[in-house]
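Welcome, and please open the model in your viewer. We will go from stop to stop, selecting a few residues each time.

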Amino acid sequence: MAFKELDIKEFSLKPFYAFDEGWALVSAGEAESFNTMTVSWGGLGTLWSESVATVYIRPQRYTREFFERESRFSISLFEGGFHKELAYLGSHSGRDEDKLAKTPAITPAFEYGVPLFPVATYNLVCEKLYTGDLHGENFNDLALRDKVYPESDYHRVFIGRVIRLLESE
């Protein structure tokens, strides 16, 4: 399966559906050593006059090691479907097993220095611009903080410049 490159300025997406309902894989590394995980939190927009993507990864996630090490990452957006496979990829660690072997419908391709997933509707190749941590004391809504972070395992934020937007053909 090939990819068709799209103009990011012409990209039309339901922003509140994309991550929350459609789900996404975030990935980093190259064919010899990479990891992916399912996310339902993220964002796309403009920051610092750049087209950016933002993802959030908890400290205990194996994928975070790859995000820390690599200068690029990918976001593979699904428009429904594959929820069983994506649920597996989000609830099992690549540190403990070859989880992609358990989800054969989702097989990576490697282009532009990142893992891409041809069965995803869209794949974004991102160049890391900023990394920072969420902090408990910065929450205005303490009930939300306590609900989402009962163990104070705050996410790290990764903001990347979208350098390629690819549609699966």
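Start by selecting Asp 146, which is partly exposed at 43% relative accessibility (partly exposed lies between buried, under 20% relative accessible area, and exposed, over 50%, with a 1.4 Å probe and protein chains only). Asp 146 pairs with Arg 145 in a salt bridge, their closest N and O atoms lying 2.9 Å apart (the term stands for a side-chain nitrogen of Lys or Arg within 4 Å of a carboxyl oxygen of Asp or Glu).

A word on what you are viewing: this is a predicted model, where local features need pLDDT of at least 70 and side-chain atom pairs count only at pLDDT 80 or more, while totals for chains, interfaces and linings use all residues. Residues are numbered from 1 along each chain as its sequence is written, and side-chain values use heavy atoms, with hydrogens and water left out.

Next, select Asp 133 and Arg 156, whose side chains meet in a salt bridge at 2.5 Å, N to O. Asp 133 sits in strand E9 (residues 122–133) and Arg 156 in strand E10, 23 residues apart, so this pair links distant parts of the chain (strands, E, of at least two residues, and helices, H or I, of at least four, are DSSP runs numbered from the N terminus). Which is buried, and which is partly exposed? Arg 156 is buried at 18% relative accessibility, whereas Asp 133 is partly exposed at 35%.

Now move to Arg 164 and Glu 5, a salt bridge with its closest N and O atoms 3.2 Å apart. Arg 164 belongs to strand E10 (residues 156–168) and Glu 5 to strand E1 (residues 3–6), so they tie together parts 159 residues apart in sequence. The structure holds 11 salt bridges.

For the last stop, select Trp 23, Trp 41, Arg 58 and His 155, which are among the residues lining the largest pocket (a pocket is an open set of points on a 1 Å grid over the protein atoms alone, where a 1.4 Å probe fits, with protein on both sides within 12 Å along at least five of seven lines; lining residues have an atom within 4 Å of a point). Strand E3 (33–39) and strand E5 (50–57) each supply at least two lining residues, and E3 gives the largest share, 3 residues.
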